[in-house]
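Hello,

Here is the structure I said I would pass on. My notes follow below it.

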Amino acid sequence: MEAIILQILNGLDKGSAYALIALGLTLIFGTLGVVNFAHGALFMIGAFCAVTFSRILTLSHTVVDETQTDFLGNPLKVDVPYLHDLFGQATGDAIIDWAVPLSILFTVPVMMFVGYAMERGLIKHFYNRPHADQILVTFGLAIVLQEVIKYFYGANPIPTPAPQAFAGSLDFGAMLGFDPNLIIYPYWRIIYFIFSAIIIGAVFAFLQYTTFGMVVRAGMADRETVGLLGINIDKRFTIMFGLAAAVAGLAGVMYTPINSPNYHMGMDFLVLSFVVVVVGGMGSLPGAVLAGFLLGILESFASMREVLEILPGLNQIIIYLVAIIILLTRPRGLMGRKGVMED
Amino acid sequence: MLGLNKKDLQLMLIVTGLTMLAPFILNPFPESSGMAQFNAGYPDLMQRFVIFGIFAIGFNLLFGLTGYLSFGHAAFLGVGSYGAIWMMKLVSLNVIPAIFMGVIVAGIFSVAVGYICLRRSGIYFSILTLAFAQMSYALAYSVLTPITGGETGLQIKSTDRPIFSSLEEGETGRANLFGMDMRQSFELNIGDWLFTFNAGYYIAAIVMLIAFYVSIRIFRSPFGLMLRAIKSNQTRMSYTGLNPRPHTLAAFVISGMYAGLAGGLLVAMDTQVGPERMFWTASGEVVLMTILGGVGTLIGPVLGAGVIKYMENILSKINKDVLHEWFAFMPDGLEDFIVFLVYPFIGKGWHLTLGILFMLVVIFLPGGLVEGGQRIGKWIKNRGKAKDTGGSTEPAE
């Protein structure tokens, strides 16, 4: 029992990341009909937004501190972040400590802009070309973005810790009445799960309850008719692309404390997110979320020791295996709509 | 001749000439000059040119003719490599059975994968092949370690005793062709130039020429026409009463066998294999090669493979000091500025150049470098003509 709960919990945070990326991918696919291989790169850029933001916060100038001396007896030179000058030491340190959550504020506009620029500058020209061309050009773009990040930030992972307040772990088992220390779950992963649930909920609410969302949904169903009604649907779809980029970016920002960002993290997630989208059903938003969590949890179940003893290596291939089975038995995916990319 | 028409025969002869004279062509700069680092005429790189050429030709047979974009082709290369190295470890150090084994194993594997993946087309096909390749990679890395050697991969060790070999105690076997060592080279010094003629390269080149010939024949055959019909309109083809599945499967398997052939040759040249050969970036690389060179053209994939392998091996070696040396004739400030501008695109950043080049090709030249060449050729021709006819025509009212 404890083991099962633990595996479900473990699956949730990975599943949240899959769900968020797959949600963005599906949004782009459902609105613009473009298969975006650069979506993983957007996730990665989001993560590096967090890195950049925390670097901006810790920008410092050197002052000579007379009260301390180094080992030669000279006055010690100390780096003082500008934030200390602005807000005083305690507040400044607190802001730096909370760099990752705060960088959300910084990431959203940046990612919206990146998404907007990508759509207007490149992807717009590919609507009338075959899907293979779209895959290829976004694949090329992903390589370029990845290499640009690598040039500026280097190839090594950059540790970006969560705020001190969330550093520990929650003894989840004790709360449910099991023995203590059986089910331990880091606070940040809980935050990540809640955060992604909020984002997913917000995206759905936005589409469901606002006029803008209604128009977008109408456009997804029948783009031409909406255009005939005198609505500039292209413009709205461009904004949706920006939104999808922001969702991927936020997934990346919040993921940084779980895994230190490096330049190829996007590609690692991209392959899996595509599988997630296909399992959920091309163009289906609930399908993407469902499949994301489902595959995340299945993956963590497959890495249980008991399972690995019977079927060694299952944890490595479970996601792909599920995808193959689903694609062959339910070609439309779990919740795919009829008529959307069925061949 | 050889069942080729005049144009194809010309192409075949040009390719034959180029591959046979490659040690000369790829070493145009004298050894002692500063440009010597652009020389690509060393055996290891030349072997890679032709082997990846084979791989890309095979990929092009699938993608170029049928339009099915496989994102997991490296799996067949990897499986072929494993087949070949086991043949060398257990049966014979001769490369011919090893290469055949690679082709056969990759062929069988591609029948299985193709049978499943070809039920779907478009993006689903791409993702299914990707899933299979990633699965093979993950398995080779973990559970199949007894067969694949896991992370360290497989090499020919001094303890390997193939059945048909006469190795002395403790001697490490070497790949050979009836006693001729793959690493055997004949070096020719002419003045300041050094040309290396490597046995392994010539064997790989001959295999490549055969593969190229077969691909021309497939392109021109009724089977090739059928595949192109599948690409242009599969539904119409089914309505005319032709089942496209067996044809696509045949193309998939042929393409997989080409990949296996390339894998077998790679093993024949360096007698080692690791699972990273199957990673999906390796599959992406062959896609890049084919698109860059020109998808659906005969010579394009070979060209693309050459360009990418050249960039990977030569462009990546250039570092900052070399750049400073090149631009030393400029004033200091300007020199630093130019180096600062150029540096991100070379050396370790060669992937960036590759990505940009690839995007430009996809956006502006869907036919790849071959189309670029044709356009330039046409432009030069038309420029000559334009003077005679007076150029522009008046629009009709």
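In chain B, 52% of the 397 residues are buried. Please keep in mind that this is a predicted model, and that every value here was computed from it.

Chain B contains 17 helices and six strands. Its C-alpha trace extends about 85 × 70 × 45 Å along the principal axes. A compact globule of 397 residues would have a radius of gyration near 21 Å, and the 23 Å found for chain B agrees with that. If we take the contacts in chain B between residues at least 6 apart in sequence, 72% of them join residues at least 24 apart.

As for its surface, chain B exposes about 18,300 Å², with carbon and sulfur atoms supplying 66% of that area. Its charged side chains number 27 positive and 24 negative, and 15 Å separates the centres of the two sets.

**One helix in chain B**

I looked at helix α13 of chain B, which covers residues 300-313. How far does this helix reach from its first C-alpha to its last? The span is 20 Å for 14 residues, close to the 20 Å expected at 1.5 Å a residue.

Is α13(B) largely enclosed or largely open? Buried here means under 20% relative accessible area. By that cut-off 10 of the 14 residues of α13(B) are buried, so the helix is largely enclosed by the rest of the structure.

**Chain A**

Chain A has 15 helices and four strands. Its radius of gyration is 23 Å, close to the 20 Å that the globule rule gives for 343 residues, so chain A is as compact as a globular protein of that length. The C-alpha trace of chain A spans about 75 × 55 × 35 Å along its principal axes.

Of the 343 residues in chain A, 50% are buried. Contacts between residues at least 6 apart in sequence join residues at least 24 apart in 72% of cases in chain A. The accessible surface of chain A is about 15,200 Å², and 64% of it belongs to carbon and sulfur atoms. Chain A carries 17 positive and 23 negative side chains, with the centres of the two sets 15 Å apart.

Regards

Note on methods
Residues numbered from 1 in each chain as written. Chains lettered and ligands numbered in written order. Predicted model: local features only at pLDDT ≥ 70, side-chain atom pairs only at ≥ 80, totals over all residues. Heavy atoms only, no water. Helix = DSSP H or I, 4+ residues; strand = E, 2+ residues; numbered from the N terminus. Rg over C-alpha atoms; globule rule 2.2 N^0.38 Å. Buried < 20%, exposed > 50% of the residue type's maximum accessible area, 1.4 Å probe, protein only. Contact = heavy atoms within 4.5 Å. Areas by Shrake-Rupley, 256 points an atom, 1.4 Å probe, with all protein chains shown as cover. Lys, Arg positive; Asp, Glu negative; His and termini not counted. Charge placed at Lys NZ, Arg CZ, Asp CG, Glu CD. Expected span 1.5 Å × (residues − 1).
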